[in-house]
Amino acid sequence: MDLLAGMAITGVVIGAVFHLSTTVTGRYHALQFSRLELNDLVIFSATLCQAIQVAEEIREVPGGFELISENTTAIFKKKEETLLMMTNEGSVSALKNIEQISLERLNEPAGASAQNESTPVEGIHVSCLVLNQHTELHFYKEYSPSGKINHYLVNEFEN
Amino acid sequence: MLDVGRWTLDNGLEKFSAPRLMGKWIVACRIRSFTIFESVISTTIISVLIGIAAMIYTNVIGSEKPLGVYQAEGTIVSMLQDLKVNKSFFSKSVEQENCVIRQEVNFYHGNKNIYEVIYKVDVGTKTWHTEKHLVRTE
């Protein structure tokens, strides 16, 4: 009888400790996973924001966009569900689970069909899945007022 | 006198029950029995330790910035661009999922040529994100 009672108490204690450790480990892994995904999002957002500020112009390329600056060129292209960043040094995966990339050209409303392929891009809209939730990221390049007017005049003459 | 928890086997060896063995072990290790005062102190110490552990656990879990805040940060970029393009310099509040984005527009230190645009992201009663921009009025 004593042996049985001892076994029962020991079993309950071991079960409780096992359940507690399993729960804590599960929460830890979930936290780590969400932290990693959010880190990817923040790093991508900061990298692209900084690259856009440095770039002199943004142009559309098939499947993505290109950041043109004086010495370097970075091309961001969507390949399946991954956004690849291609530079002179090679290509890296910038962000995963990409759903759509839409571009907003200078002096044109978002979603309008391009009148001229050479028109610089002003806004970049990236929609992606983060922690299985739809997330929208928006980036804008601030061109100088004179640049905007010059581009408008160039288009006016071409048309 | 009946000796509880002790038997003599056929081969002459003695067998003891588990409580009796534990009692013998306690006696052998010279562990004193606890007084109520000592028990209260030990219970208090254990409670404090469990409380500290629970507090650390709750803070670690709660330190995570909600995903809605990251989504709101994306919306703020779009709102700021809309404000600049459409010259819509007014304060407003936008609800997005479980977040509330507050846009506050004021003149920067009374200077009527510059607007100070402040964005705040609230989840419940806590403000998770604040950013400030200066925009020319012209």
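## Packing of helix 1 of chain A

In this predicted model, the buried residues of helix 1 of chain A pack against strand 5 (90–95), strand 7 (121–130) and strand 8 (133–140) of chain A, and also against helix 3 of chain B. The buried residues in question are Leu41(A), Phe44(A) and Leu48(A). An α-helix has 3.6 residues a turn, so residues three or four places apart point the same way.

Helix 1 of chain A comprises 53 residues, of which three are buried, so the helix lies largely in the open. Its length can be checked against expectation: at 1.5 Å a residue, helix 1 (residues 2–54) of chain A should span 78 Å, and its end C-alpha atoms are 77 Å apart, which agrees.

## Contact between the chains

Contact with 18 residues of chain A is made by twelve residues of chain B. On the side of chain B that touches chain A, the elements giving two or more residues are helix 1 and helix 3 (67–86) of chain B. Helix 3 of chain B gives the most, with seven residues.

Chain B contains an open sheet of four strands in the order 3-4-5-6, with antiparallel pairing. Strand 3 (92–96) and strand 6 (126–136) of chain B stand at the edges; each has a single partner strand, so one side of each is left without a neighbour in the sheet. From one strand to the next, the twist averages 20°.

Strands of a sheet pair through backbone hydrogen bonds, either parallel or antiparallel. Strand 4 and strand 5 (residues 111–123) of chain B run antiparallel and are joined by nine bridges. As an example of the pairing, Val100(B) has Asp122(B), in strand 5 of chain B, as its bridge partner.

Helix 3 of chain B lies across strand 3, strand 4, strand 5 and strand 6 of chain B, and runs at about 20° to strand 6 of chain B. Helix 3 of chain B is also among the elements against which the buried residues of helix 1 of chain A pack.

## Confidence

The model scores ipTM 0.70 and pTM 0.71. Chain B averages a pLDDT of 84, and 93% of its residues score at least 70. Within chain B, confidence is highest in strand 4 (residues 99–108), at a mean of 91, and lowest in helix 1 (residues 18–29), at a mean of 72. Where pLDDT is low, the predicted coordinates should not be read in detail.

Methods. Residues are numbered from 1 along each chain as its sequence is written. Chains are lettered from A and ligands numbered from 1 in the order in which they are written. This is a predicted model: local features need pLDDT of at least 70, side-chain atom pairs count only at pLDDT 80 or more; totals for chains, interfaces and linings use all residues. pLDDT is the predictor's confidence in each residue, from 0 to 100. Two residues are in contact if their C-beta atoms, placed from the backbone, lie within 7 Å. Two strands pair if DSSP finds at least two bridges between them. Axes are lines fitted to C-alpha atoms, for helices over the stretch in contact, and angles run from 0 to 180 degrees between N-to-C directions. The expected span of a helix is 1.5 Å times one less than its number of residues. A residue is buried if 20 or more other C-beta atoms lie within 10 Å of its own, exposed if 12 or fewer, and partly exposed in between; C-beta atoms are placed from the backbone.
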